[in-house]
Amino acid sequence: MLVVVGGDGSVNEVANRIAGVEGVTLAVIARGTGWDFIRTYGIPHAVAGAVDVARDGVTREIDLGRVTYHVWGGGEASSYFANVASAGMSGAIAQRANETTKALGGKASYLWATLAVFAGWKVSEVGVTVDGQQRAGRMHDVVVANGRYFGGGMMIVPEASPDDGLLDVLLIGDLTKRDLLLTLPKTYRGRHLPHPKAESFRGKTVTVDAPEPLPIELDGEQPGTTPARFEILPRALRLRVPR
């Protein structure tokens, strides 16, 4: 058993090292900011509860996502993600949140970053393909999810199942300020869907491209930009979860 004491970024780092390794089980004691990864599984925030899960919980085999993308310095690289990846505005939001103080906690930090980035974000044309289904248009974001939560507690993909062998994809279209203000509070309860400017898919392979490179984020980290290809690796990680 490998116990991670940290946030979503720490889980991401470890998942990238042990993906597919036989006989290794991951347990998480959440000490970061967002706590998004553990929310899907009901792992307690409190240290004592998380230790109880590590000691007395059950092992669940979950999927991992793998992304091939363009790195900031040039060239191509591949990385895994355990929770949620995205391309577009949320990549800039994660970067903004990571570069500013998180003294107010994950929810407030990401909420402030969302409002700040949205005010200056330039929506671009984006092309997306999910298992051969193609979509193109002006989009704020493309969310590619294994878990349900990101952004400090937003249940962005309420129906995502982390062990079904599929990625849940949410296309977020050209939102107005009114759209954002009315919809954002609903994301924390998972009640923002259906929405006239959003479309959902499930698939094993997702590609995202745009005329101007879009920042991508993997579990809150920002390793590079589009063009990006996302794919699912079924049951590639063993995780300790509550009974």
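**Helix packing and salt bridges**

Student: How do helix H5 and H6 pack?
Tutor: H5 (residues 106–120) and H6 pack at an angle of about 170°, and their axes are 11 Å apart. Axes are lines fitted to C-alpha atoms, for helices over the stretch in contact, with angles from 0 to 180 degrees between N-to-C directions. That makes H5 roughly antiparallel to H6 (an angle over 145 degrees). Helices here are DSSP runs of H or I, at least four residues, numbered from the N terminus.

Student: What kind of model is this?
Tutor: It is a predicted model: local features need pLDDT of at least 70, side-chain atom pairs 80 or more, while totals for chains, interfaces and linings use all residues. Residues count from 1 along each chain as its sequence is written, and side-chain values use heavy atoms, without hydrogens or water.

Student: New topic. How many salt bridges are there?
Tutor: The structure holds ten. Each is a side-chain nitrogen of Lys or Arg within 4 Å of a carboxyl oxygen of Asp or Glu.

Student: Which residue does Asp 179 meet in one?
Tutor: Lys 197, at 2.8 Å from N to O. Asp 179 sits in helix H6 and Lys 197 in the loop between H6 and S9, so the pair ties together parts 18 residues apart in sequence.

Student: Is Asp 179 buried or exposed?
Tutor: Buried, at 14% relative accessibility. Lys 197 is partly exposed, at 31%. Buried means under 20% relative accessible area, exposed over 50%, partly exposed in between (1.4 Å probe, protein chains only).

Student: What else lies by Asp 179's backbone oxygen?
Tutor: A polar side-chain atom of Thr 183, 2.8 Å away. Thr 183 is also in H6 (residues 177–187), and Thr 183 is buried at 17%.

Definitions and conventions:
Helices (H or I, at least four residues) and strands (E, at least two) are DSSP runs, numbered from the N terminus. A polar contact is a pair of N or O atoms within 3.5 Å; within protein, one must be able to donate a hydrogen and the other to accept it, and residues adjacent in sequence count only if both atoms are side-chain atoms. Angles under 35 degrees count as roughly parallel, over 145 as roughly antiparallel, 65 to 115 as roughly perpendicular and the rest as oblique.
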